[in-house]
Amino acid sequence: MSEQGREYILECEGISKAFGGTQALKNVQLHVKPGEVHALLGENGAGKSTLMKIVIGLYKQDSGTMVFDGKPYQARGPVDAIKSGISMIHQELNPEPHLTIAESIFLKREDHNGIFLNKRRQNERTQKILDEFGFPYPATTLIRDLKLADVQMVEIIRAVSTNAKMIIMDEPTSSLDAQETEHLFRVIRDLKKQGVAIIYISHRMAEIYEICDTVSVFRDGQFIGSSALKDVTNDDLIAMMVGRRVENQFPKVDCPIGDVVFKAEHLSGKGFEDISFEVHAGEILGFSGLVGSGRSETMRAIFGMDPLESGKMYLNGKEFKRKNPGDSISQGVCMVNEDRKNFGLCLFRSIRENTSLPSLPEHQKGVLLNQAREKREVEEVSRTLLLKAASIEHNAFSLSGGNQQKVVIAKWIMAGPKLLIMDEPTRGVDVGAKAEIYTLMSKFAAEGMAIIMVSSELPEVMGMSDRVLVYHEGRINGEFFRKEIISGEVTQEVILSSAFGVA
Amino acid sequence: MASSSRTGQISRQDRIRSLLGQYGIGIVLIIMMIVIAIMEPRFMTPGNIINVATQISINGLLCYGLCLCITTGGIDLTVGAQLALTSCIIGQTMSVLGWPAILSILAGVGVATLFGFIDGVLIAKFNMFPFVVTLSMQLVIRGLSQVITGGRAVMLTNDWFTGIYSSKLAGIPMPIIIFAVVTVIMYLMLHWTKFGRYIFAVGGNVNAAIAAGVSRFWVIVGVYTISGVLAGLASMIYTSKTGSAQSNIGIGYETDAIAAAVLGGTSFAGGIATIPGCVLGIFIIGLIYNGMNMIGVSSYYQSIVKGLIIIGAVMLDMVMNKNKH
């Protein structure tokens, strides 16, 4: 143990871990102080998650040692880690939808009377904890009746209720809106005051600056450096993460805007009402608003995933009718879904099969597929998108989040859309890949594609859109133009107030 | 390689493991053949090999149907009953009504196809669980075959029909030829057509498949219909072999077909299967029967051994393919 042993709650030294031939972590370190919010930064695949999984005992390191709370530490599994005082809130929430809040919070450490569960006492104890948090639901509410953000809150409450000395949060705000994020930050500040250390993993730089004290940066399985956040600039951090300077975070290229490609007139459906807009060739039309304000619902309905109650749509001047996504794709309307895992990829099929899936009708030669041409075209589009994969025959599962997203985009580019709807195109994507995706969006727009981008990240919407439409409670509540944004006339605050319905 | 670094060894181990993973079931097959051949030299004679190949054709056809259904995330438990119903329809129309053999076959296979189609519609249109639908339909089909025969066996004396099993083309028994042709068709369909890709997509991630424009309905209806056709063809071979049509045949046949598919790498999680894998699985199941008979394992023990071999082979496959997941 080092001389500073008392100073740190968690010390990891010389941790290495290989999966098969891939070295996921190379001799990395991490030092976390009690009562600090410690950001872990790095691109997807940099090793952050692997290190955290070693800390909570999901993986065992090949070499290296850990000290937690002054004692040598090695968890045999998450339950063991919780007993030692480390809780983790995973990025992909895995709530058991049929459990009550109380059952979920006491999962695997149920309140027993002998061999029987004492449900009543468990409910009472939970209620007390919920009340302390100001969480407005009874302990007997089923998880499936909660909003996603509230499920996230339950996870946090569960972590706190274990009397954790350290809580690991993996992208805790990815499904929260601005208000809910603010609430989470209040909780984090309270925990800090109680001396709880928080490890905070996020790709959102603004949040990291707002809530974190210290940052450790990882790249390619290596520890790059650690610093107090007040001492580093955004650009420094990005340079540390990607190993080079990203010149322009939003490489939007202005290109001539052409004719109307797609026009929606008075669309109404579940979650949205009376939506009318046009999008032109070469235009990137941004949709902003709170999560759940009806943006994604509108897009799903346009694409044919959900029914439309009323309204008309036109594609290149002709009425656009679709019964299902297949109809839309064949007419040139494609959509990158916000939920990559559930609607984007067949993870255990190859990159090639995933990419060509919507375009297969064009690759038929008689009854059989022209696989040679298919392979050529997939390779070509993968190159255009700078996909990092050893071979297009590898499973999509083997790719990092950013590269998986590129496969999703590749498959729609290969389908040759006239209108490409991108719902949260950079969710869960690291900084380097984000910039690449933005560059590609500019390129496709310049080639005459009409692009709709739905995004909850304001900087992204403002940095990439020619025009921004803002949703508030299922209706369009504001329209802003790129020149207003560039001139500074329209700021984040203006768009936010429009999203909240204040303006 | 004595001086190779630690990582070098790991990657070599990985390479070996990945090779074993790809061909693991093939190695199991070869080991089985060697063991049986040592214990019983008659096993490796051309006569016996052709015998095995002829016998496996029935289970082989059923296995392909099961493989497709399992790959979409479902199951078809009707194949055993389908075998009986097609057999009874062929028997009744040919022997009792005096239809020409070819017409009887068309009627029998046609009805099996229709039932496959109905299964598919129930599953795809009404979102019913494949297990429940086919478990119930299997009772309906079995019952129907008893109704149309009154439970009595019908002897078939049509030489052309019984020749389907016993005749040869260029020295190769007809069942092997039928099996080979179907194998080629299934291989092309699953690995070289749009429909095959759609099967993998629906099984791999049905939401993503729909979002990519795949019609879940037609894929599901398609695979159960194909399973029906194949069960009908298998029944034709079976009925020709026994020369009689009975309503109590094919009981438990779905088990062997499922076993062969699973041995061949068909994943119950959906979206993963290969036809060459199925062929290996079909041969392994065939060899277990043939080999145990030749070695003289009592039929009481055969079922136990079969079960254990399947568990062992699948476990071996999982260990070898551990890195894939």
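1. Sequence separation of contacts in chain A. Among contacts between residues at least 6 apart in sequence, 69% join residues at least 24 apart. Two residues are in contact if their C-beta atoms, placed from the backbone, lie within 7 Å. The model is predicted: local features need pLDDT of at least 70, side-chain atom pairs count only at pLDDT 80 or more, and totals for chains, interfaces and linings use all residues. Residues are numbered from 1 along each chain as its sequence is written, while chains are lettered from A and ligands numbered from 1 in the order in which they are written.

2. Overall form of chain A. Chain A has 18 helices and 24 strands. Helices (H or I, at least four residues) and strands (E, at least two) are DSSP runs, numbered from the N terminus. With 503 residues, a compact globule would have a radius of gyration near 23 Å; chain A agrees, with 24 Å. That radius is taken over C-alpha atoms, and the globule rule is 2.2 Å times the number of residues to the power 0.38. Buried residues make up 45% of the 503 residues in chain A. A residue is buried if 20 or more other C-beta atoms lie within 10 Å of its own, exposed if 12 or fewer, and partly exposed in between, with C-beta atoms placed from the backbone.

3. Strand E3 of chain A. Five of the five residues of E3 (37-41) are buried, so this strand is largely enclosed by the rest of the structure. A:Val37, A:Ala39 and A:Leu41 point one way; A:His38 and A:Leu40 point the other way. E3(A) pairs in the parallel sense with strand E10 (197-201) of chain A over four bridges. Two strands pair if DSSP finds at least two bridges between them. A:Leu40 has A:Ile201 as its bridge partner in E10(A). E3(A) also pairs in the parallel sense with strand E11 (214-219) of chain A, over four bridges. There, A:Leu41 stands opposite A:Val217.

4. A four-stranded sheet. The order is E14-E13-E16-E17 (chain A), open and antiparallel. E14 (272-280) and E17 (318-319) of chain A stand at the edges with a single partner strand each, so one side of each is left without a neighbour in the sheet. Helix H9 (295-303) of chain A packs on the sheet and touches E13, E14 and E16 of chain A.

5. A six-stranded sheet. This open sheet of chain A runs E18-E21-E22-E15-E23-E24, with mixed pairing. Five bridges join E21 (419-423) and E22 (450-454) of chain A, which run parallel. One bridge pair is A:Asp423 with A:Val454. Helix H15 (431-446) of chain A lies across E15, E21 and E22 of chain A, at about 150° to E22(A). Angles run from 0 to 180 degrees between N-to-C directions; axes are lines fitted to C-alpha atoms, for helices over the stretch in contact.

6. Contact between the chains. Chain A gives 26 residues and chain B gives 23 residues. On the chain A side, helix H10 (325-331), helix H11 (340-344) and strand E20 (368-369) give two or more residues. That side has 15 nonpolar, eight polar and three charged residues. Ala, Val, Leu, Ile, Met, Phe, Trp, Tyr, Cys and Pro count as nonpolar, Asp, Glu, Lys and Arg as charged, and the others, Gly among them, as polar.
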